[in-house]
Amino acid sequence: MASELCKTISVARLEKHKNLFLNYRNLHHFPLELLKDEGLQYLERLYMKRNSLTTLPENLAQKLPNLVELYLHSNNIVVVPEAIGSLVKLQCLDLSDNALEIVCPEIGRLRALRHLRLANNQLQFLPPEVGDLKELQTLDISTNRLLTLPERLHMCLSLQYLTVDRNRLWYVPRHLCQLPSLNELSMAGNRLAFLPLDLGRSRELQYVYVDNNINLKGLPSYLYNKVIGCSGCGAPIQVSEVKLLSFSSGPRTIFLPAEVKAIGTEHDHVLPLQELAMRSLYHTYHSFLKGGQLLVLWLIAAPPSVCRLLTC
């Protein structure tokens, strides 16, 4: 296996390959052959998915200076090292399905980065320097342990797709509404209780997914003309604990939906709607009544309940 790996890398070096596939190699360390001598100066795309890597070499940028895409999906990497910030030409970085606990602030130096995938890790926060990624178009940080989003995320002016599903977010920062290019926002499976009222005001934002946020009971009005996913939102009503209201007409009884609940008790005195309406009319026109004759005419037209009220 080792000899085959060395041969693959040697051929790539001699033939100045731009793509190198080292997936499914059971690698526990970055191959020394990759870092030997001048490295692979022509390499642009490196695929190392589904290995057992735990870290990245400090001289990675020195040996692979023209790297544009780096795929490290499904390894055991715990920390994104400072050296990652030296890959100045990097446009795509996939670190999904690792054991990441820390993303270093130096990631903000990847000014050419367009796609950053950090899904399925152990991240509790992201550094604010993520906001320095002006060219970033896709950010996938789903299935982590995030309580908040990066402070300066709204400065990612090119961001189009933001996926934050299955985290521990309680709220959506209002500054996300300022993202001018955001087209799709997915925040399903969090702990959201409300959304910013400005969310959806941007014409660019067309898709919003907030499914399975059990405490979320309403949506901003700007979202009503968007494509919305909101199944599983709002605490379910326990019908067994609610006395269903009903009304009867002859032998037929019709039960109202469980959402229609009684206010007060059956012994509370509730005024008829007609009487309430007459009270409002009386107070409205009382100032215009001049003389006993008009008042008498009013009393003649009013129902008995209003007459009792006026004579009290």
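Predicted model: local features only at pLDDT ≥ 70, side-chain atom pairs only at ≥ 80, totals over all residues.
**Overall architecture**

The protein chain contains six helices and 14 strands. Its length is 312 residues, of which 40% count as buried. When contacts between residues at least 6 apart in sequence are considered, 31% of them join residues at least 24 apart.

**Helix 1**

Helix 1 covers residues 2-14 and so comprises 13 residues; from its first C-alpha to its last it reaches 18 Å, close to the 18 Å expected at 1.5 Å a residue. Three of its residues, Leu-5, Ile-9 and Ala-12, are buried. Viewed down the axis of helix 1, the buried residues fall within an arc of 60 degrees, and they therefore line one face of the helix. This spacing can be read against a general rule.  An α-helix has 3.6 residues a turn, so residues three or four places apart point the same way. The buried residues of helix 1 pack against strand 1 (19-21) and helix 2 (32-35). On the other side of helix 1, Ser-3, Lys-7 and Leu-14 are exposed. Lys-16, which follows helix 1, has a positive phi, near 55 degrees.

**Residues with positive phi**

Most residues other than glycine have a negative phi. Tyr-24 is not a glycine, yet its phi is positive, at about 55 degrees. Tyr-24 is found in the loop between strand 1 and helix 2, and with 61% relative accessibility it counts as exposed. Asp-97, likewise a residue other than glycine, has a positive phi near 55 degrees. Asp-97 lies in the loop between strand 5 (92-94) and strand 6 (102-103) and counts as partly exposed, at 31% relative accessibility.

| Residue pair | Separation in sequence | C-alpha to C-alpha distance |
|---|---|---|
| Leu-185 and Val-208 | 23 residues | 4.9 Å |
| Asn-121 and Asn-98 | 23 residues | 5.5 Å |
| Tyr-209 and Asp-165 | 44 residues | 8.9 Å |
| Thr-54 and Val-80 | 26 residues | 9.9 Å |

Leu-185 belongs to strand 10 (residues 184-186). With a relative accessible area of 1%, Leu-185 is buried, since the cut-off for burial is under 20%. Residues up to four places away in sequence being set aside, Leu-185 touches Leu-162, Leu-199, Leu-205, Tyr-207, Val-208 and Tyr-209.

Tyr-209 is located in strand 11 (residues 207-209). Its relative accessible area is 25%, and Tyr-209 is partly exposed. Apart from neighbours within four places in sequence, Tyr-209 is in contact with Glu-184, Leu-185, Ser-186, Met-187, Ala-188, Val-227 and Gly-229.

Asn-121 is a loop residue, placed between strand 7 (115-117) and strand 8 (138-140). Asn-121 counts as buried, at 4% relative accessibility. Beyond residues up to four places away in sequence, Asn-121 touches Leu-95, Ser-96, Asp-97, Asn-98, Ala-99, Leu-100, Thr-143 and Asn-144. Among these partners is Asp-97, described above for its positive phi.

Thr-54 occupies the loop between strand 2 (45-47) and helix 3 (60-63). At 43% relative accessibility, Thr-54 counts as partly exposed. The residues that Thr-54 touches, again not counting those up to four places away in sequence, are His-28, Asn-76, Ile-77 and Val-78.

A search of the whole structure finds one cavity of 30 Å³ or more. The volume of the largest cavity is about 50 Å³. Its lining consists of Leu-176, Cys-177, Leu-179, Leu-182, Leu-199, Gly-200, Ser-202 and Leu-205. By class, six of the residues lining the largest cavity are nonpolar and two are polar, with no charged residue.

How values were computed
Residues numbered from 1 in each chain as written. Heavy atoms only, no water. 1 Å grid on protein atoms, 1.4 Å probe; cavity = no way out; pocket = protein on both sides within 12 Å on 5 of 7 lines; lining within 4 Å. Points joined across faces, edges and corners; volume = space filled by probe spheres on them. Nonpolar A, V, L, I, M, F, W, Y, C, P; charged D, E, K, R; others polar. Helix = DSSP H or I, 4+ residues; strand = E, 2+ residues; numbered from the N terminus. Buried < 20%, exposed > 50% of the residue type's maximum accessible area, 1.4 Å probe, protein only. Arc of directions from axis to C-beta. Contact = heavy atoms within 4.5 Å.
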